[in-house]
Amino acid sequence: MDIDTAIEDFINYCIFEKGLSDKTKESYQYDLRVYKTFLLDEQINQVQHILSSNIEDFLKQRSTMKDKVSTIAHNLTVIKNFHIYLYKAGIVKVDVSEGISRPKMQKKIPQVISIEEVDRLLDIKLDTVFDYRNKAMIELMYGTGLRVSELISLDIHDLDFINCVIRITGKGSKERIVPLGEYSIYYLKLYLEKRSTMLKKVPCNALFLNNHGKRMTRQGFFKNLKGILKKQGLSENTSPHTLRHSFATHLLKRGADLRSIQELLGHSDIATTKIYTHVSDDKVSQDYKKYHPREHKD
């Protein structure tokens, strides 16, 4: 089977069998396009002719081109999934990607802000409908640990004030139910009372609207957040994902169970959630060095 046909079959399989999101589909297509270009340069146009050494040479090429380790690791994950599919579908007799290890990645401790900084960020003066919207968005993001893509994808019907929960559609179209805190509910209700004034004679089910009466975009929210950070005298390096990290870290520091945090964040693997234990461990180490009487020898 030629490489183009194999890639098309694999992408269709991922969409219809695995429920691949549009964003992930584009990522897979890009990685496989780069992989295909390399193979064609090596005079390989049939998947049955691909060898393990070809994959290893591809990874070496990406490394010499100074791609980030995380990018190369993602390339390999997609390539492995591709070859596993080819093998399980009976298109090839051997999974040539088996045994090729992923490059070791240095785990970065997530950036978080303190509870005091969160309070400053959320100290938004409510004058216009946009202030009410921004306040509700940030309260909800910090109160639930939403990804920014999940936040802007919310529709009004995803809210359930009776049961105090919200339905979230996460990665891979997986749904989860997350409880709403009193602050989130209070400011969401205030915003919803004014939301109708943002509509431009065209119905829209999106929960959060921009100034054109349409669904808020990722870029729009990021721009608004930057403006609020600057106004409140906080670091403009604080990103929407920082709020998600802060949500998880603050829960963990106050005694929340790691498995519960995993469910709230929508992580499929608890190993992903465990990064937050490193944040807490780092804080413990800092406090020890700062406060323990036997840490510093005069």
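**Surface charge, salt bridges and local backbone features**

At 70% relative accessibility, Gln 43 counts as exposed. In this predicted model, Gln 43 is placed in the loop between H2 and H3. The phi angle of Gln 43 is near 65 degrees, which is a positive value in a residue other than glycine. Glu 42 is likewise found in the loop between helix H2 (22-41) and helix H3 (52-64). A patch of negative charge on the surface is formed by Asp 41, Glu 42, Glu 56 and Asp 57.

Helix H2 also contains Tyr 30. The relative accessibility of Tyr 30 is 48%, and Tyr 30 therefore counts as partly exposed. Tyr 30 and Asn 75 are separated by 45 residues in sequence, while their C-alpha atoms are 9.3 Å apart in space.

Salt bridges were examined next. The structure holds 6 of them. One is formed between Asp 4 and Lys 36, whose closest N and O atoms are 3.0 Å apart. Since Asp 4 belongs to helix H1 (residues 3-18) and Lys 36 to helix H2, this pair ties together parts that are 32 residues apart in sequence. Asp 4 has a relative accessibility of 46% and counts as partly exposed.

A further salt bridge joins Arg 215 to Asp 155, with a distance of 2.6 Å between the closest N and O atoms. This pair links distant parts of the chain, 60 residues apart: Arg 215 lies in the loop between helix H8 (182-195) and helix H9 (218-231), and Asp 155 in the loop between helix H7 (148-152) and strand E1 (159-160). The two partners fall into separate accessibility classes. Arg 215 is partly exposed at 32% relative accessibility, whereas Asp 155 is buried, with a relative accessible area of 17%.

The side chains of Asp 158 and Arg 167 also meet in a salt bridge, at 3.1 Å from N to O. Asp 158 counts as buried at 9% relative accessibility, while Arg 167, at 30%, counts as partly exposed.

Cys 164 is located in the loop between E1 and strand E2 (165-169). The relative accessible area of Cys 164 is 31%, and the residue is partly exposed.

Helix H11 provides an example of one-sided burial. Within this helix (residues 258-265), Leu 258, Ile 261, Gln 262, Leu 264 and Leu 265 are buried. When viewed down the axis of H11, the buried residues fall within an arc of 165 degrees, so they line one face of the helix. Just after H11, Gly 266 adopts a positive phi of about 80 degrees.

How values were computed. Residues are numbered from 1 along each chain as its sequence is written. Side-chain values use heavy atoms; hydrogens and water are left out. Patches are made of residues with over 30% relative accessible area and no salt bridge: like charges are joined within 9 Å, nonpolar side chains (Val, Leu, Ile, Met, Phe, Trp, Tyr) within 5 Å. Accessible areas come from the Shrake-Rupley method with a 1.4 Å probe; for residues, only the protein chains shown count as cover. A salt bridge is a side-chain nitrogen of Lys or Arg within 4 Å of a carboxyl oxygen of Asp or Glu. Lys and Arg count as positive and Asp and Glu as negative; His and the chain ends are not counted. The place of a charge is taken as NZ of Lys, CZ of Arg, CG of Asp or CD of Glu. Helices (H or I, at least four residues) and strands (E, at least two) are DSSP runs, numbered from the N terminus. Buried means under 20% relative accessible area, exposed over 50%, partly exposed in between (1.4 Å probe, protein chains only). The arc is that of the directions from the helix axis to the C-beta atoms.
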